[in-house]
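This briefing covers pockets, helix packing and backbone geometry. Please look over the sequence and the structure before reading on.

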Amino acid sequence: PDGEVVCIVGPSGCGKSTLMRIMAGLTRSTGGTVSVAGETIDGVPDQLAMVFQDYSRSLFPWLRVRQNVEFPLKHLDKATRAERVTAALADVGLSEHDRKYPWELSGGMQQRVAIARALAVRPGILLMDEPFASVDAQTRADLEDLVLQIHEERKITIVLVTHDIDESVYLADRVVALSGHPSTVLEMLPIKLERPRQQLETKESPEFLSFRHRVYTLLHR
């Protein structure tokens with residue numbers, strides 16, 4: 001549904017990233033179809049943006065932060081590009097770092113640049129492929145809250161792949177639990193937790209622990 005946050009969780013090697021690439025129109029499926037608003041995907045949809053796991057390879061090291069965020073906006077006029085880049089950098093808290101190169105930033109800040117680049121195209125759907133797997137625990141928590149903030153402010157549809165059970169329950173309206181290879185859908189689990197969510201209060205609640213237990217049981221049975 002429009003505006004939903006869906007987390008796809010499963011063991012390493014089960015095909016989560018392949019599934020996401022098919023959803024993004026980057027890889028053709030050998031069977032089945034993917035559609036957006038009733039239209040079958042054949043190539044990358046205009047209203048879709050994707051954030052990859054490896055920020056060090058998805059950013060251009062020879063371009064400054066502002067230029068990296070501006071890169072997918074070449075078809076727009078200069079004033080519109082500038083407005084969108086400024087807004088996207090503000091959304092991820094990097095307004096004061098727009099003249100730096102990616103290699104001058106921490107890993108978490110680099111991933112924020114990648115998120116800003118995706119937001120700059122004003123997508124209706126944001127795909128995120130294990131976007132926090134390469135950062136430390138504190139940075140991961142900060143980036144999780146950034147995703148929730150973006151969702152709240154932009155009412156954007158988000159599909160996020162992760163192998164972290166806590167992360168999937170914390171972020172999602174619905175968790176799709178996948179089995180090991182060859183992968184099947186074990187369950188689509190609605191996550192009925194109140195929003196806004198907080199790292200301590202939400203993750204310490206009995207409801208969160210119950211959902212976490214259910215997803216853990218699915219993946220380890």
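In this predicted model, the lining of the second largest pocket consists of 12 nonpolar, 2 polar and 2 charged residues.

**Second largest pocket**

- The second largest pocket holds about 440 Å³ of space.
- Its lining is made up of 16 residues, and those nearest its centre are Ala49, Met50, Pro72, Arg117 and Val121.
- Two or more lining residues come from each of β4 (48-51) and α5 (107-120).
- β4 supplies the largest share of this lining, with 3 residues.

**Largest pocket**

- For the largest pocket the volume is about 560 Å³.
- There are 23 lining residues, and Val6, Met23, Ser35, Val159 and Arg174 are the closest to the centre of the largest pocket.
- The elements that contribute two or more residues to this lining are β1 (5-9), α1 (16-23), β2 (35-36), β5 (125-129), β6 (157-162), β7 (174-178) and β8 (185-190).
- The largest share belongs to β7, which gives 3 residues to the lining of the largest pocket.
- By residue class, the lining of the largest pocket has 17 nonpolar, 3 polar and 3 charged residues.

**Packing of α5 with α6**

- Two packed helices are described by the angle between their axes and the distance between the axes.
- The axis of α5 and that of helix α6 (residues 137-154) come within 11 Å, crossing at roughly 15°.
- Because this angle is under 35 degrees, α5 is roughly parallel to α6.
- α5 and α6 cross in a right-handed sense.
- On the α5 side the contact involves Gly108, Gln111, Arg112, Ile115 and Leu119, and on the α6 side Thr139, Asp142, Leu143, Leu146, Ile150 and Arg154.
- The residues in this contact of α5 with α6 comprise 5 nonpolar, 3 polar and 3 charged.

**Packing of α4 with α5**

- Helix α4 (residues 78-91) packs with α5 at an angle of about 135°, and their axes are 8 Å apart.
- α4 and α5 are therefore oblique to each other.
- The crossing of α4 past α5 is right-handed.
- Arg84, Ala88, Leu89 and Asp91 of α4 are in contact with Ala116, Leu119 and Ala120 of α5.
- The contact of α4 with α5 contains 5 nonpolar residues, no polar residues and 2 charged residues.

**Backbone geometry**

- Most residues other than glycine have a negative phi, and most peptide bonds are trans.
- The peptide bond from His181 to Pro182 is cis and has an omega near -5°.
- Pro182 is located in the loop between β7 and β8, and β7 and β8 are both among the elements that give two or more residues to the lining of the largest pocket.
- A cis peptide bond also runs from Arg195 to Pro196, with omega near 0°.
- Pro196 sits in the loop between β8 and α8 (199-203).
- Ala37 is not a glycine, yet its phi is positive, at about 55°.
- The loop between β2 and β3 (39-40) contains Ala37.

Note on methods:
Residues are numbered from 1 along each chain as its sequence is written. This is a predicted model: local features need pLDDT of at least 70, side-chain atom pairs count only at pLDDT 80 or more; totals for chains, interfaces and linings use all residues. Side-chain values use heavy atoms; hydrogens and water are left out. On a 1 Å grid over the protein atoms alone, a cavity is a set of points where a 1.4 Å probe fits but cannot get out, and a pocket is an open set with protein on both sides within 12 Å along at least five of seven lines; lining residues have an atom within 4 Å of a point. Grid points are joined across faces, edges and corners, and a volume is the space filled by probe spheres set on the points. Helices (H or I, at least four residues) and strands (E, at least two) are DSSP runs, numbered from the N terminus. Ala, Val, Leu, Ile, Met, Phe, Trp, Tyr, Cys and Pro count as nonpolar, Asp, Glu, Lys and Arg as charged, and the others, Gly among them, as polar. Axes are lines fitted to C-alpha atoms, for helices over the stretch in contact, and angles run from 0 to 180 degrees between N-to-C directions. Angles under 35 degrees count as roughly parallel, over 145 as roughly antiparallel, 65 to 115 as roughly perpendicular and the rest as oblique. A crossing is left-handed if the near helix is turned anticlockwise from the far one by less than a right angle, and right-handed if clockwise. Contact means heavy atoms within 4.5 Å.
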